[in-house]
Amino acid sequence: DPEDPKEKPMFAMFSNYTLDSGRLSNLEEILSLGGDDTQVLITELPLHPNYFAYFGGASVHEDYLEALIPFITSREGIFLVPISPDQIPDSYRMDYYHLNYKGAELYSVLLADQLAGLCIKEGVCLQGSGQLEPTK
């Protein structure tokens, strides 16, 4: 609620959110670490579904992803679709941004399932060396 005194500062801070060019530059540096033997995977934090209300809701989040995903893929990175925040119960969260120990364990399982799906469906698999390699 933007009128709630406890939440008003968060709504004010994020009300005009845009992709920061400095952060994109940092992301580009991370993506540049990819190469012949290294694939860079990027995903979002498992934020609470209400978190995006501060930014303007689901449509703003979708616009953000529409700008971010091509930025990542055009630099040979792989964007992992965010895990649905509804899969992590509120009791597994510390707040809108952090998971507790139960949430961390659950997120690890969900992320492992997602990586397994990436391997099965797209042939990009974790190898014994800890690096991702195409298996096709």
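## Arg 93 and its surroundings

In this predicted model, a polar atom of the Arg 93 side chain lies 2.8 Å from the backbone oxygen of Pro 46. Arg 93 itself belongs to the loop between strand 2 (78–79) and helix 4 (101–122).

Arg 93 is buried, yet the residue has no salt bridge. The nearest side chain of opposite charge is that of Asp 90, at 4.4 Å.

Ile 88 is located in the loop between strand 2 and helix 4. With a relative accessibility of 3%, Ile 88 counts as buried.

The Glu 44 side chain does have a polar contact, of 2.9 Å, with the side chain of His 61. His 61 is also among the residues that lie nearest the centre of the second largest pocket.

## The second largest pocket

The second largest pocket holds about 210 Å³ of space. Its lining consists of 16 residues. Those nearest the centre are Leu 47, Pro 49, Phe 52, His 61 and Pro 85.

By residue type, the lining comprises 11 nonpolar, 3 polar and 2 charged residues. Helix 3 (residues 58–73) provides the largest share of this lining, with 3 residues.

## The salt bridge

How many salt bridges does the model contain? The count comes to 1. The partners are Glu 28 and Arg 75, whose side chains meet at 2.9 Å, N to O. Because Glu 28 lies in helix 2 (residues 21–31) and Arg 75 in the loop between helix 3 and strand 2, the pair ties together parts that are 47 residues apart in sequence.

Both partners fall into the partly exposed class: Glu 28 has a relative accessibility of 37%, and Arg 75 has a relative accessible area of 28%.

Glu 76 is located in the loop between helix 3 and strand 2. Is this residue buried or exposed? At 63% relative accessibility, Glu 76 counts as exposed.

The backbone of Glu 76 has a positive phi of about 65°, although the residue is not a glycine. Most residues other than glycine have a negative phi.

## Overall fold and burial

The secondary structure of the protein comprises 4 helices and 4 strands. Along the sequence, these elements follow the pattern α-α-β-α-β-α-β-β.

Conventions: Residues numbered from 1 in each chain as written. Predicted model: local features only at pLDDT ≥ 70, side-chain atom pairs only at ≥ 80, totals over all residues. Heavy atoms only, no water. 1 Å grid on protein atoms, 1.4 Å probe; cavity = no way out; pocket = protein on both sides within 12 Å on 5 of 7 lines; lining within 4 Å. Points joined across faces, edges and corners; volume = space filled by probe spheres on them. Helix = DSSP H or I, 4+ residues; strand = E, 2+ residues; numbered from the N terminus. Nonpolar A, V, L, I, M, F, W, Y, C, P; charged D, E, K, R; others polar. Buried < 20%, exposed > 50% of the residue type's maximum accessible area, 1.4 Å probe, protein only. Lys, Arg positive; Asp, Glu negative; His and termini not counted. Salt bridge = Lys/Arg side-chain N within 4 Å of Asp/Glu carboxyl O. Polar contact = N/O pair within 3.5 Å; in protein donor to acceptor, adjacent residues only side chain to side chain.
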